[in-house]
Amino acid sequence: MPNLNIQNLESYIMFYGRQKCQPDEFFQGDNLRKNDIFYYIISGTGSFTSSRHHAVKLKAGDLFYVPRNQTCSFQADHDEPWEYFWIGLAGNGVNESIKASNLPNKNFLRQIQKTAFYQTLDDLYQCLAKKKTLLNNLKISALTYQLFYHLVKDFPNHPPVRKTPKNDQYQIAINYLNQNYTDPTCNIVELCHRLGVSRSFLYALFRKNTKLSPQKYLMQLRMEAAKKELINTKHNLRQVAQKVGYGDEFTFSKAFKRYSGVSPNAFRGN
(Lines give C-alpha, C1' and ligand atoms only; values in the text may rest on other atoms or scores of the structure.)
Protein backbone atom coordinates (compact mmCIF):
# COMPACT_ATOMS: atom_id res chain seq x y z
CA MET A 1 0.00 0.00 0.00
CA PRO A 2 1.21 3.59 -0.64
CA ASN A 3 2.56 5.40 2.39
CA LEU A 4 0.30 8.38 3.19
CA ASN A 5 2.22 11.07 5.05
CA ILE A 6 -0.43 12.81 7.15
CA GLN A 7 2.04 15.49 8.21
CA ASN A 8 2.07 16.79 4.63
CA LEU A 9 -1.65 17.54 5.03
CA GLU A 10 -1.31 19.43 8.32
CA SER A 11 -3.54 22.54 8.34
CA TYR A 12 -4.74 24.75 11.17
CA ILE A 13 -6.20 28.19 11.92
CA MET A 14 -3.91 30.96 13.17
CA PHE A 15 -6.32 33.93 13.33
CA TYR A 16 -9.61 35.23 12.01
CA GLY A 17 -11.61 38.46 11.98
CA ARG A 18 -14.24 40.61 10.34
CA GLN A 19 -14.28 44.27 9.29
CA LYS A 20 -16.69 46.80 7.84
CA CYS A 21 -14.35 49.17 5.98
CA GLN A 22 -14.59 52.93 5.64
CA PRO A 23 -14.88 54.51 2.16
CA ASP A 24 -11.54 54.22 0.32
CA GLU A 25 -9.93 52.41 3.27
CA PHE A 26 -6.63 51.05 1.99
CA PHE A 27 -4.29 48.27 3.08
CA GLN A 28 -0.86 47.55 1.67
CA GLY A 29 1.94 45.43 2.97
CA ASP A 30 4.13 42.38 2.76
CA ASN A 31 2.59 39.22 4.15
CA LEU A 32 5.86 38.06 5.66
CA ARG A 33 4.23 35.68 8.12
CA LYS A 34 4.08 31.97 7.33
CA ASN A 35 0.33 32.20 6.87
CA ASP A 36 -2.07 32.16 3.96
CA ILE A 37 -5.15 34.36 4.34
CA PHE A 38 -8.61 33.99 2.77
CA TYR A 39 -10.80 37.12 2.63
CA TYR A 40 -14.49 36.61 1.80
CA ILE A 41 -16.45 39.72 0.78
CA ILE A 42 -19.78 39.84 2.61
CA SER A 43 -21.06 43.08 1.09
CA GLY A 44 -19.91 46.07 -0.93
CA THR A 45 -17.05 46.31 -3.43
CA GLY A 46 -13.37 47.15 -3.62
CA SER A 47 -10.15 46.48 -5.52
CA PHE A 48 -7.42 43.91 -4.91
CA THR A 49 -3.85 43.66 -6.19
CA SER A 50 -1.35 40.92 -5.41
CA SER A 51 2.20 40.25 -6.51
CA ARG A 52 2.54 39.76 -10.29
CA HIS A 53 -1.17 40.38 -10.91
CA HIS A 54 -3.16 43.39 -12.13
CA ALA A 55 -5.69 45.17 -9.91
CA VAL A 56 -9.20 43.71 -10.08
CA LYS A 57 -12.59 44.96 -8.91
CA LEU A 58 -14.24 42.50 -6.53
CA LYS A 59 -17.67 42.48 -4.91
CA ALA A 60 -19.88 40.62 -2.46
CA GLY A 61 -19.64 36.87 -3.07
CA ASP A 62 -16.01 37.00 -4.22
CA LEU A 63 -12.99 35.71 -2.32
CA PHE A 64 -9.41 36.95 -2.49
CA TYR A 65 -6.31 35.20 -1.27
CA VAL A 66 -3.18 36.71 0.27
CA PRO A 67 -0.36 34.15 -0.07
CA ARG A 68 2.38 33.88 2.51
CA ASN A 69 5.52 35.93 1.82
CA GLN A 70 3.89 38.04 -0.89
CA THR A 71 3.08 41.72 -1.34
CA CYS A 72 -0.55 42.71 -1.74
CA SER A 73 -2.87 45.69 -1.46
CA PHE A 74 -6.61 46.15 -1.32
CA GLN A 75 -8.92 49.14 -1.06
CA ALA A 76 -12.60 49.59 -0.25
CA ASP A 77 -14.81 51.33 -2.79
CA HIS A 78 -15.68 54.97 -2.16
CA ASP A 79 -19.48 54.59 -2.58
CA GLU A 80 -19.96 50.96 -1.50
CA PRO A 81 -17.09 50.08 0.85
CA TRP A 82 -16.83 46.37 1.41
CA GLU A 83 -17.21 44.29 4.52
CA TYR A 84 -15.29 41.04 4.70
CA PHE A 85 -14.19 38.32 7.07
CA TRP A 86 -10.78 36.67 6.95
CA ILE A 87 -9.22 33.42 8.10
CA GLY A 88 -5.44 32.99 8.42
CA LEU A 89 -4.13 29.45 7.98
CA ALA A 90 -0.82 27.69 8.51
CA GLY A 91 0.62 24.21 8.11
CA ASN A 92 2.31 22.19 5.37
CA GLY A 93 -1.01 21.07 3.94
CA VAL A 94 -2.31 24.60 3.34
CA ASN A 95 0.22 25.49 0.68
CA GLU A 96 0.01 22.09 -1.00
CA SER A 97 -3.79 22.16 -1.13
CA ILE A 98 -3.96 25.70 -2.49
CA LYS A 99 -1.48 24.79 -5.23
CA ALA A 100 -3.77 21.94 -6.27
CA SER A 101 -6.58 24.46 -6.92
CA ASN A 102 -6.78 27.25 -9.49
CA LEU A 103 -6.77 29.90 -6.74
CA PRO A 104 -3.05 30.82 -7.18
CA ASN A 105 -3.62 31.57 -10.89
CA LYS A 106 -5.21 34.95 -10.04
CA ASN A 107 -5.40 34.91 -6.21
CA PHE A 108 -9.16 35.45 -6.28
CA LEU A 109 -12.38 33.53 -7.02
CA ARG A 110 -15.59 35.16 -8.19
CA GLN A 111 -19.12 34.46 -6.93
CA ILE A 112 -18.51 31.37 -4.83
CA GLN A 113 -21.73 31.62 -2.77
CA LYS A 114 -23.34 28.42 -4.06
CA THR A 115 -20.28 26.20 -3.74
CA ALA A 116 -19.54 23.64 -1.05
CA PHE A 117 -16.24 25.47 -0.54
CA TYR A 118 -18.05 28.66 0.51
CA GLN A 119 -20.51 26.80 2.74
CA THR A 120 -17.60 25.16 4.57
CA LEU A 121 -15.74 28.48 4.80
CA ASP A 122 -18.80 30.14 6.34
CA ASP A 123 -19.39 27.22 8.74
CA LEU A 124 -15.74 27.41 9.77
CA TYR A 125 -15.91 31.14 10.46
CA GLN A 126 -19.10 30.69 12.53
CA CYS A 127 -17.40 28.00 14.60
CA LEU A 128 -14.34 30.17 15.18
CA ALA A 129 -16.56 32.89 16.65
CA LYS A 130 -18.11 30.50 19.19
CA LYS A 131 -16.92 29.71 22.69
CA LYS A 132 -13.96 27.34 22.63
CA THR A 133 -14.88 23.86 23.80
CA LEU A 134 -13.44 20.45 22.98
CA LEU A 135 -16.34 19.66 20.65
CA ASN A 136 -16.11 23.01 18.90
CA ASN A 137 -12.32 22.68 18.52
CA LEU A 138 -12.79 19.23 16.97
CA LYS A 139 -15.37 20.66 14.57
CA ILE A 140 -12.98 23.48 13.61
CA SER A 141 -10.27 20.92 12.81
CA ALA A 142 -12.68 18.84 10.72
CA LEU A 143 -13.99 21.88 8.84
CA THR A 144 -10.44 23.08 8.10
CA TYR A 145 -9.67 19.86 6.23
CA GLN A 146 -13.10 19.91 4.55
CA LEU A 147 -12.37 23.47 3.40
CA PHE A 148 -9.36 22.37 1.37
CA TYR A 149 -11.13 19.27 0.12
CA HIS A 150 -13.90 21.44 -1.36
CA LEU A 151 -11.45 24.08 -2.62
CA VAL A 152 -9.63 21.50 -4.72
CA LYS A 153 -12.85 19.72 -5.73
CA ASP A 154 -14.84 22.86 -6.65
CA PHE A 155 -11.91 24.81 -8.15
CA PRO A 156 -9.38 22.32 -9.52
CA ASN A 157 -6.23 23.57 -11.16
CA HIS A 158 -7.21 22.90 -14.76
CA PRO A 159 -4.23 22.53 -17.07
CA PRO A 160 -4.21 25.09 -19.88
CA VAL A 161 -5.43 23.82 -23.23
CA ARG A 162 -3.99 26.50 -25.53
CA LYS A 163 -2.85 23.86 -28.01
CA THR A 164 -6.44 22.80 -28.61
CA PRO A 165 -7.53 23.94 -32.10
CA LYS A 166 -9.48 27.19 -32.07
CA ASN A 167 -12.62 25.51 -33.44
CA ASP A 168 -12.52 23.01 -30.58
CA GLN A 169 -11.95 25.78 -28.03
CA TYR A 170 -14.95 27.63 -29.42
CA GLN A 171 -17.13 24.52 -29.19
CA ILE A 172 -15.98 23.86 -25.62
CA ALA A 173 -16.85 27.46 -24.73
CA ILE A 174 -20.28 27.30 -26.37
CA ASN A 175 -21.06 24.00 -24.64
CA TYR A 176 -19.99 25.39 -21.27
CA LEU A 177 -22.22 28.47 -21.57
CA ASN A 178 -25.21 26.54 -22.91
CA GLN A 179 -24.98 23.96 -20.13
CA ASN A 180 -24.25 26.37 -17.26
CA TYR A 181 -25.95 29.71 -17.98
CA THR A 182 -28.63 28.95 -15.36
CA ASP A 183 -25.90 28.94 -12.68
CA PRO A 184 -25.15 32.43 -11.26
CA THR A 185 -21.48 31.45 -10.90
CA CYS A 186 -21.20 30.87 -14.66
CA ASN A 187 -19.19 33.80 -16.01
CA ILE A 188 -16.62 34.67 -18.66
CA VAL A 189 -13.72 34.83 -16.22
CA GLU A 190 -14.33 31.23 -15.13
CA LEU A 191 -14.68 30.18 -18.78
CA CYS A 192 -11.27 31.72 -19.57
CA HIS A 193 -9.75 29.83 -16.64
CA ARG A 194 -11.23 26.56 -17.91
CA LEU A 195 -9.88 27.11 -21.41
CA GLY A 196 -6.57 28.56 -20.27
CA VAL A 197 -6.99 31.59 -22.55
CA SER A 198 -7.15 35.36 -22.07
CA ARG A 199 -10.36 37.36 -22.28
CA SER A 200 -9.11 39.13 -25.39
CA PHE A 201 -8.47 35.76 -27.12
CA LEU A 202 -11.95 34.51 -26.18
CA TYR A 203 -13.51 37.79 -27.33
CA ALA A 204 -11.88 37.46 -30.76
CA LEU A 205 -12.98 33.82 -30.99
CA PHE A 206 -16.62 34.69 -30.29
CA ARG A 207 -16.67 37.74 -32.55
CA LYS A 208 -15.41 35.60 -35.40
CA ASN A 209 -17.99 32.84 -34.90
CA THR A 210 -21.06 34.61 -33.50
CA LYS A 211 -20.52 38.35 -34.14
CA LEU A 212 -21.14 38.72 -30.39
CA SER A 213 -18.83 39.11 -27.43
CA PRO A 214 -18.80 36.17 -24.96
CA GLN A 215 -20.61 38.35 -22.40
CA LYS A 216 -23.34 39.29 -24.89
CA TYR A 217 -23.70 35.65 -25.92
CA LEU A 218 -24.20 34.66 -22.27
CA MET A 219 -26.67 37.53 -21.83
CA GLN A 220 -28.59 36.40 -24.92
CA LEU A 221 -28.86 32.84 -23.58
CA ARG A 222 -30.24 34.09 -20.28
CA MET A 223 -32.61 36.67 -21.72
CA GLU A 224 -34.13 34.40 -24.38
CA ALA A 225 -34.67 31.73 -21.73
CA ALA A 226 -36.26 34.39 -19.51
CA LYS A 227 -38.67 35.36 -22.31
CA LYS A 228 -39.83 31.76 -22.57
CA GLU A 229 -40.32 31.61 -18.81
CA LEU A 230 -42.34 34.84 -18.83
CA ILE A 231 -44.53 33.68 -21.71
CA ASN A 232 -45.05 30.04 -20.76
CA THR A 233 -45.13 30.04 -16.94
CA LYS A 234 -46.68 31.93 -14.07
CA HIS A 235 -43.44 32.06 -12.12
CA ASN A 236 -42.82 35.33 -10.29
CA LEU A 237 -39.81 37.47 -11.18
CA ARG A 238 -37.65 36.05 -8.43
CA GLN A 239 -38.27 32.51 -9.68
CA VAL A 240 -37.62 33.51 -13.29
CA ALA A 241 -34.40 35.27 -12.28
CA GLN A 242 -33.13 32.19 -10.44
CA LYS A 243 -33.96 29.93 -13.37
CA VAL A 244 -31.84 31.97 -15.78
CA GLY A 245 -28.78 32.56 -13.61
CA TYR A 246 -29.51 35.70 -11.56
CA GLY A 247 -29.26 35.88 -7.79
CA ASP A 248 -32.11 38.40 -7.38
CA GLU A 249 -35.01 39.84 -9.35
CA PHE A 250 -33.74 43.43 -9.24
CA THR A 251 -30.50 42.73 -11.11
CA PHE A 252 -32.43 40.50 -13.50
CA SER A 253 -35.09 43.16 -14.19
CA LYS A 254 -32.45 45.80 -14.98
CA ALA A 255 -30.61 43.42 -17.31
CA PHE A 256 -33.86 42.36 -19.02
CA LYS A 257 -34.89 45.96 -19.67
CA ARG A 258 -31.47 46.78 -21.13
CA TYR A 259 -31.75 43.75 -23.41
CA SER A 260 -35.41 43.99 -24.45
CA GLY A 261 -36.25 47.65 -24.01
CA VAL A 262 -39.13 46.81 -21.65
CA SER A 263 -39.40 45.50 -18.12
CA PRO A 264 -40.17 41.79 -17.53
CA ASN A 265 -43.68 42.68 -16.29
CA ALA A 266 -44.36 44.82 -19.37
CA PHE A 267 -43.09 42.05 -21.63
CA ARG A 268 -45.35 39.50 -19.93
CA GLY A 269 -48.29 41.90 -20.13
CA ASN A 270 -47.84 42.42 -23.85
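Is Arg18 buried, partly exposed or exposed? At 45% relative accessibility, Arg18 counts as partly exposed; here buried means under 20% relative accessible area and exposed over 50%, with partly exposed in between (1.4 Å probe, protein chains only). Some notes follow to read alongside the model.

1. Ground rules. This is a predicted model, in which local features need pLDDT of at least 70 and side-chain atom pairs count only at pLDDT 80 or more, while totals for chains, interfaces and linings use all residues. Residues are numbered from 1 along each chain as its sequence is written, and side-chain values use heavy atoms, with hydrogens and water left out.

2. The partner of Arg18. The side chain of Arg18 meets that of Glu83 in a salt bridge, with N to O at 2.8 Å; the term stands for a side-chain nitrogen of Lys or Arg within 4 Å of a carboxyl oxygen of Asp or Glu. Because Arg18 lies in strand S1 and Glu83 in strand S8, the pair ties together parts that are 65 residues apart in sequence. Helices (H or I, at least four residues) and strands (E, at least two) are DSSP runs, numbered from the N terminus. Glu83, at 17% relative accessibility, counts as buried.

3. Further salt bridges. A search of the whole structure finds 5 salt bridges. One of them joins Asp36 to Arg68, with the closest N and O atoms 2.6 Å apart. Asp36 sits in strand S3 and Arg68 in the loop between strand S6 (63-66) and strand S7 (70-76), so this pair links distant parts of the chain, 32 residues apart. Asp36 is buried, at 0% relative accessibility. In general, side chains of opposite charge can pair when their charged atoms come close.

4. Lys57 and Asp77. These two side chains also meet in a salt bridge, at 3.3 Å from N to O. Lys57 belongs to strand S5 (residues 56-59) and Asp77 to the loop between S7 and S8, so the pair ties together parts that are 20 residues apart in sequence. Lys57 counts as exposed at 51% relative accessibility, whereas Asp77 counts as buried at 17%.

5. Strand S8. Which residues of S8 are buried on each face? On one side they are Glu83, Phe85, Ile87 and Leu89, and on the other Tyr84, Trp86, Gly88 and Ala90.

6. Neighbours of S8. Strand S1 (residues 12-20) runs antiparallel to S8 and is joined to it by 8 bridges; strands count as paired if DSSP finds at least two bridges between them. Within this pairing, Phe15 has Gly88 as its bridge partner.

7. The largest nonpolar core. A nonpolar core is a set of buried Ala, Val, Leu, Ile, Met, Phe, Trp, Tyr and Cys residues joined through side-chain atoms within 4.5 Å. The largest has 30 residues, and Leu177, Leu191, Leu202, Phe206, Tyr246 and Phe252 touch the most other members. Helices H5 (166-180), H6 (188-195), H7, H8 (214-232), H9 (237-243) and H10 (249-260) each supply at least two residues of this core. The largest share, 7 residues, comes from H8.

8. Leaving aside neighbours within four places in sequence, Leu177 is in contact (heavy atoms within 4.5 Å) with residues including Cys186, Leu191, Phe206, Tyr217 and Leu221. Apart from this core lies another, of 26 residues, among them Leu89, Val94, Leu143 and Phe155.

9. Thr210. This residue is in helix H7 (residues 199-210) and is buried, with a relative accessible area of 19%. Its side chain reaches the backbone nitrogen of Leu212 at 3.1 Å. Not counting residues up to four places away in sequence, Thr210 touches Tyr170 and Tyr217.

10. Cysteines. How many disulfides are there? The count comes to 0, a disulfide being a pair of cysteine sulfur atoms within 2.5 Å. The sulfur of Cys72 is too far for a bond because the closest cysteine sulfur, in Cys21, is 13 Å away. Cys192 is in no disulfide either, and the nearest cysteine sulfur, that of Cys186, is 11 Å away. Cys72 is buried at 5% relative accessibility, and Cys192 is buried with a relative accessible area of 5%.

Notes:
Polar contact = N/O pair within 3.5 Å; in protein donor to acceptor, adjacent residues only side chain to side chain.
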